[in-house]
Amino acid sequence: MSKSMFLQCVICGRQYGLSEVTYTCPDCGEAGTLDILYDYAALRASVDRDAIGHSSLMNVWRYKALLPIADESPVPSLSVGWTPLYNAPRVAESLGLRQVWLKDDGRNPTASYKDRASVVVVTRAMELGIRTVSAASTGNAAAALAGVMASVPHMQTIIFVPATAPEAKIAQLLVYGAQVILIEDSYDVAFDLCMQISLEANWYCRNTGVNPFTTEGKKSASLEIAEQLGWRVPDVVVVSVGDGSIISGLYKGFWDLYQLGWTDRMPRIIGVQAEGSSALVQAWRLGIAGQDMQPAPAETIADSISAGLPRDRVKALRAVRQTNGAYVAVSDEQILAAIPQLARLSGVFAEPASAAAFAGAQIAVESGYIHSEERVLLMLTGNGLKDIKRAQQAVSGGLRVPPDLAIIRQALLNKIETP
Ligand SMILES: [Zn+2]
């Protein structure tokens, strides 16, 4: 390894070498997720921020120097990251805010933010010489793993997914050639089974949260946001939260940049959960530590953020508490309504979990967690085509007519609004 790195437990602070521990802290158990930390002084001396700006790599590897991957390591061919960041004045107006940006991660190769974690985890598996990588997922992380793995020769993907996952997401896994195990139970049960079998079989497990390389992959969005805004950070970043791994990755990316002195502060981070899967909202309100949280039932139409006991709960609470942010909950009805609202104001079609960020921003503004003069970024995590059934529930219309010009003209006169 060309850079100095170590693992540090988020609960007890104990440090480990990168090859000493693979998943979570042996002392703290499953809640003791690990940060990958660097020698920031050495990085500051060796990596030039402006040189990154001239990189021809339009993907996460433009930041390879800041990722836990050896400089010389080969990487998967699928191009992940460097997604568009849009100025969205009509979204800002609808929220009563001065400035809103959208970061559209539905534009990743398998259409979700999870590609960022997968591409780094698969690169790590290749460094370790492991050819089988497994994951449990509500859908997107699995698709991301299956897609990235398919871009590398001689790799085998094994996916544990709840049998209730949206059909499009399961089809995507099968198309990429993954071995798919449909568990007739919840995501949480699938997760534990996957972990157990992976340990027995010596597969590399991409499970979100417990594998510290997932957080590092997910931090790449923050590096892009800062660079795309001229190495400045928004005042507030709003993101939907299930297992808490994306919000943790965003936090870590902004934190790394701040340690490097490349940005002048941390943004406030606001996490959005579905009311039916709001364990972190409750813990944040009640001041409960992540390691003391208990499993609770989870039920929401936004399958990507349904998690009874968020796996990355300690990091997810840290992201909000350390940045003076907030957690808010939105109803399934608000999530469904947000899909066409956001699409019509911006042209970005988001899946339910992704549109939840827009619904959550509305609540956060109403609740006083976001002030009108603040510059806000909505992190959009998945493409709307991932879950067409839910989108169909949110909209109606379409004129069914016979192929007759007179009838069509009349129907249009009655229906079409003047812009
Ligand atoms: Zn520990």
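Colleague: Which strand is joined to β1, and how many bridges join them?

Modeller: In this predicted model, strand β1, residues 5-9, is joined to β3 by five bridges, and these two strands run antiparallel. To see the pairing residue by residue, find Leu 7, which stands opposite Ile 36 in β3.

Colleague: In what order do the strands of that open sheet lie?

Modeller: The order is β2-β1-β3, three strands with antiparallel pairing. At the edges stand β2 (15-16) and β3 (34-38); each has a single partner strand, so one side of each is left without a neighbour in the sheet.

Colleague: Thanks! Now the whole chain. How many helices and strands does the chain have?

Modeller: You can trace 16 helices and 13 strands. The C-alpha trace spans about 75 × 45 × 45 Å along its principal axes.

Colleague: What does the radius of gyration say about a chain with 419 residues?

Modeller: The idea is to set the value beside that of a compact globule. For 419 residues such a globule would have a radius near 22 Å, and the chain has 21 Å, which agrees.

Colleague: What share of the residues is buried?

Modeller: Buried residues make up 54% of the 419. The largest nonpolar core has 125 residues, and the members touching the most others are Val 238, Leu 250, Ala 356 and Leu 378. Domain 1 (5-59 + 113-212) and domain 2 (85-109 + 214-394) both give residues to this core, so the core lies between them.

Colleague: Which residues does Leu 378 touch?

Modeller: Leaving out residues up to four places away in sequence, Leu 378 touches Val 100, Leu 102, Val 238, Ala 357, Phe 358 and Ala 361. Val 238 is also one of the core members that touch the most others.

Colleague: Let me turn to the backbone. What is the phi of Asn 202, and where is this residue found?

Modeller: Asn 202 has a phi near 60°, a positive value in a residue other than glycine. Look for Asn 202 in the loop between α7 (187-201) and β9 (204-205). Asn 202 counts as exposed because it has 8 C-beta neighbours inside 10 Å, and the cut-off for exposed is 12 or fewer.

Colleague: And Asn 324: buried or exposed?

Modeller: Asn 324 counts as exposed, with 10 C-beta neighbours inside 10 Å. Asn 324 sits in the loop between α12 (313-321) and β12 (326-330). Its phi is positive, about 60°, although Asn 324 is not a glycine.

Note on methods. Residues are numbered from 1 along each chain as its sequence is written. This is a predicted model: local features need pLDDT of at least 70, side-chain atom pairs count only at pLDDT 80 or more; totals for chains, interfaces and linings use all residues. Two strands pair if DSSP finds at least two bridges between them. Helices (H or I, at least four residues) and strands (E, at least two) are DSSP runs, numbered from the N terminus. A residue is buried if 20 or more other C-beta atoms lie within 10 Å of its own, exposed if 12 or fewer, and partly exposed in between; C-beta atoms are placed from the backbone. The radius of gyration is taken over C-alpha atoms; the globule rule is 2.2 Å times the number of residues to the power 0.38. A nonpolar core is a set of buried Ala, Val, Leu, Ile, Met, Phe, Trp, Tyr and Cys residues joined through C-beta atoms within 7 Å. Domain bounds come from an automatic or database domain assignment. Two residues are in contact if their C-beta atoms, placed from the backbone, lie within 7 Å.
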